[in-house]
Amino acid sequence: MANTLVTSSIVAEESLAVLENMVTFGAACNRDWEDTFQSASAAGYKPGATINIRRPPRYTYRAGRVASPQDTVESTVPLTLSQGGCDLSFTAFERTLSLTRLEDKLTAALATVANQIDEQGLALAHYASHAVVNPAGALPTTQATALQVITDANVLLDERGAPRKDRKRALIMNPKLNGAALQGLAGLYNPGSKVGQQYESGMMVDSLGLNVAMDQNVDVHTNGTQNVAGTNVNGAGQSGAAITVVGLGGTITRGTVVTFPGCFAVNPQTRKTTGSLAQFVVTSDLAAGATSIPISPAIVLTGAFQNVSAAPTTGSPFLILGAASTAYGTNVAFHKDAFTLAMAPLWTPPSKNVVSVSQKTHNGYTIRVLEYYDGKNDESVMRLDVLFGWAATYPELSTKIYTV
């Protein structure tokens, strides 16, 4: 049978399938915004283009017969596109490669693209997710500790109103947590197929209400030098995106998770306390002596978007989760709506300027393959380009799981 010779269209089809299979974190996240990108511009987008994703409004319950109309407040989250890819060059002789012989090259090239997409998404989860379970970071190698870590993550998601239906919760683990969880939960699986799958692959399988995957790109967070028991809150009735404290005794790094005394989380619909201290992520690095801690989410004390039971108690210390100057893997458990990955079409130049160009989209993944010729060196260059962006649409529907 004759070989199928390489064309940009064939390469685009093959590349799209390889890329879709390799993206781990992105596959578990929200992909509903591609339609907005696709319909907004048939000509393609440029790097730096931004779309504002609307979050739904919230309202408060009215008791009794008399109407009390409420204003509708919609917040938005920006998603900015960035371009990247990988490029292959061929001599005139190599250009006659069949698709079969090119597959290994494509797989190697697209591995770098898929890893970059996941790496950026997991870095976003590190800095945007404002909750932590397993703050000590001990690897859960026993049945009891493995169950505790995963159930703690599910409990936190439950308290924050993350739906359980349709199995849209996921857990992305680094290799260390994957190995520990395999050891800790090995004796719990009754279905023989799951036991066999884990034994053969060495990978955790979906369990305990979570779609489970391992990703080497899980980000690492290092706490600053500030002691776990931070300095005191300085001022009563504080709210908003910054909390005033007595001057810090050490540094605090961006991505650190803190709690404030007397400031408990509430159910997002009933606004009743969950009994657990609300957790907040520090949004920028702080030097020793700093007197204001920038946090996300902003503290809201009343109204439809109330997220805590009360303002932080003045004169009492805030707490840092995790030990000072310690590095933690930021594994992440989340509902798919916590994070959004969007891929958009690129501008395609006129065919007279290139040998060939093709752009393919499938299941929200888009890749452009463009080939041009270098006559001086008698080489053909094939560009594989993607245009994508990440947004933390509902980071409250996620939690980091620390491991050391």
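**Aromatic pairs, cores and a pocket**

Phe260 and Phe280 are both buried, a term that stands for under 20% relative accessible area, with exposed meaning over 50% and partly exposed in between (1.4 Å probe, protein chains only). The structure is a predicted model, in which local features need pLDDT of at least 70 and side-chain atom pairs count only at pLDDT 80 or more, while totals for chains, interfaces and linings use all residues. Residues are numbered from 1 along each chain as its sequence is written, and side-chain values use heavy atoms, with hydrogens and water left out.

A search of the whole structure finds seven aromatic pairs. Rings of Phe, Tyr and Trp (its six-membered ring) pair if their centres lie within 6.5 Å; planes under 30 degrees apart count as stacked, over 60 as edge-to-face and the rest as tilted. The ring centres of Phe25 and Trp390 are 5.2 Å apart and their planes stand at 20°, so this pair is stacked. It links distant parts of the chain, since Phe25 sits in the loop between α1 and α2 (34-40) and Trp390 in strand β18, 365 residues apart. Helices (H or I, at least four residues) and strands (E, at least two) are DSSP runs, numbered from the N terminus. Both Phe25 and Trp390 are buried. For Phe260 and Phe280, the ring centres are 5.6 Å apart and the planes are at 50°, so that pair is tilted. Phe260 belongs to strand β10 and Phe280 to strand β11, 20 residues apart, and this pair too links distant parts of the chain.

The largest nonpolar core has 43 residues, of which Phe25, Ile117, Phe334, Phe339 and Leu384 touch the most other members. Such a core is a set of buried Ala, Val, Leu, Ile, Met, Phe, Trp, Tyr and Cys residues joined through side-chain atoms within 4.5 Å. Elements giving two or more residues to this core include α1 (8-22), β3 (82-91), α3 and β18 (379-391). The largest share, 10 residues, comes from α3. Apart from this core lies another, of 20 residues, among them Val233, Ala265, Ala278 and Ile293.

Ile299 is placed in strand β12 and is buried, with a relative accessible area of 3%. Leaving out residues up to four places away in sequence, the contacts of Ile299 include Cys263, Phe280 and Pro312.

The largest pocket is lined by 46 residues, and His130, Arg160, Ser296, Pro297 and Glu396 lie nearest its centre. On a 1 Å grid over the protein atoms alone, a cavity is a set of points where a 1.4 Å probe fits but cannot get out, and a pocket is an open set with protein on both sides within 12 Å along at least five of seven lines; lining residues have an atom within 4 Å of a point. Elements that give two or more residues to the lining include α3 (99-128), β10 (257-266), β11 (273-282) and β12 (292-299). The largest share of the lining, eight residues, comes from β11.

Technical notes: Contact means heavy atoms within 4.5 Å.
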